[in-house]
Amino acid sequence: NVIWQCGDIGVAGVYTMNQSISINGSTCLNINSSDVELDCEHLTSPENVKVYPFHSYLNLADGFFLTPAIITEAKKKLRDFDIIHMHCCRSFQNMVIHHYANKYNIPYVLDAHGSTPRSSGKIILKKLFDVSFGHRILENAAKCIAETEVGINEYKEIGIDRDKIVLLPPPFDIEEFSQLPHPGRFRHRFGIQEEHIVMFLG
């Protein structure tokens, strides 16, 4: 049994969920999430995935959603799971799950998704959270997942040993790109004459 802990679950989260389950059909996955940006139409697929959206009463800062109902749920049910997968560093949900994971001696992995740096946003609040909870959440993780080499360096910069970091790129289906359009078609369609173009993929 695996529990997948995240602050909110959107389209990307549902895609990753389906990909992870398709690897091992015998895995039973429970997803704890706030009800922020919840893709309700996707929640019934696949069959061995159960999503538990907890109502969010307040967004304190940069996606820090308060979902107090998760406290009772974790206290009663977390001991039944084999492993926990946490997402992002600073969240109310991770505070709660970290507490009961340690209490019930359940291992967890954490994917920060680039959220470890404190160089932007609410820097003071991030520092306060890290001193109070964040450092312990990272240090107690069985493994810290990085999606790129940049992610590895971000973990190392805050003191995580390289042996604890695992490089695991996002599970995109590269077969979708096996037949690409003819070179120049995009430029022609949108009337782009410039030699160099700055684009974004993320």
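Which residues of helix α2 (residues 69-77) are buried? They are I70, E73 and A74, where buried means under 20% relative accessible area, exposed means over 50%, and partly exposed lies in between (1.4 Å probe, protein chains only). Looking down the axis of α2, you will find these buried residues within an arc of 95°, so they line one face of the helix. The arc is taken over the directions from the helix axis to the C-beta atoms.

Before we go on, a word about the model. It is a predicted one, in which local features need pLDDT of at least 70 and side-chain atom pairs count only at pLDDT 80 or more, while totals for chains, interfaces and linings use all residues. Residues are numbered from 1 along each chain as its sequence is written, and side-chain values use heavy atoms, with hydrogens and water left out.

Now for the overall picture. The protein has six helices and nine strands; these are DSSP runs numbered from the N terminus, with helices being H or I over at least four residues and strands being E over at least two. Of the 202 residues in the protein, 38% are buried. Contact here means heavy atoms within 4.5 Å. Among contacts with a separation of 6 or more, 57% are between residues 24 or more positions apart.

M86 has a relative accessible area of 0%, so it is buried. The C-alpha atoms of M86 and D111 are 6.3 Å apart, although 25 residues separate the two in sequence. Another example is H55, in the loop between β3 (49-54) and β4 (58-59). Its C-alpha atom is 7.6 Å from that of A69, 14 residues away along the chain. Leaving out residues up to four places away in sequence, H55 touches D35, L66 and T67. H55 is partly exposed, with a relative accessible area of 43%.

Let us turn to helix α4 (residues 123-139). A straight helix of 17 residues would span 24 Å at 1.5 Å a residue, but α4 spans only 21 Å between its end C-alpha atoms; the expected span is 1.5 Å times one less than the number of residues. Where is the kink in α4 centred? It is centred on D130 and amounts to about 65°, the bend at a residue being the angle between axes fitted to the seven residues ending there and the seven starting there. D130 is also one of the buried residues of α4, together with K126, F129, G134, I137 and L138. The elements covering the buried residues of this helix include β6, α3, β7 (108-111), β8 (143-146) and α5 (149-157).

A search of the whole structure finds three aromatic pairs. The ring centres of F129 and F133 are 5.7 Å apart and their planes meet at 45°, so this pair is tilted. For these pairs, rings of Phe, Tyr and Trp (its six-membered ring) must have centres within 6.5 Å; planes under 30 degrees apart count as stacked, over 60 as edge-to-face, and the rest as tilted. Both F129 and F133 lie in α4, four residues apart, about one turn of the helix. F129 is buried at 10% relative accessibility, whereas F133 is partly exposed at 34%. F186 and F190 form another tilted pair, 4.8 Å centre to centre with 45° between the planes. They too are four residues apart in one helix, α6 (residues 185-190). F186 is partly exposed, at 44% relative accessibility.

F129 has a further neighbour in S91, which touches both F64 and F129 when residues up to four places away in sequence are not counted. S91 sits in the loop between β6 (83-87) and α3 (92-104), and at 6% relative accessibility S91 counts as buried. The side chain of S91 reaches the backbone nitrogen of N94 at 3.0 Å.

Most residues other than glycine have a negative phi. N105, not a glycine, has a positive phi of about 60°; N105 lies in the loop between α3 and β7 and is exposed, with a relative accessible area of 67%. H113, also not a glycine, has a positive phi of about 55°. H113 is placed in the loop between β7 and α4 and is partly exposed, with a relative accessible area of 39%.

Terms used
A polar contact is a pair of N or O atoms within 3.5 Å; within protein, one must be able to donate a hydrogen and the other to accept it, and residues adjacent in sequence count only if both atoms are side-chain atoms.
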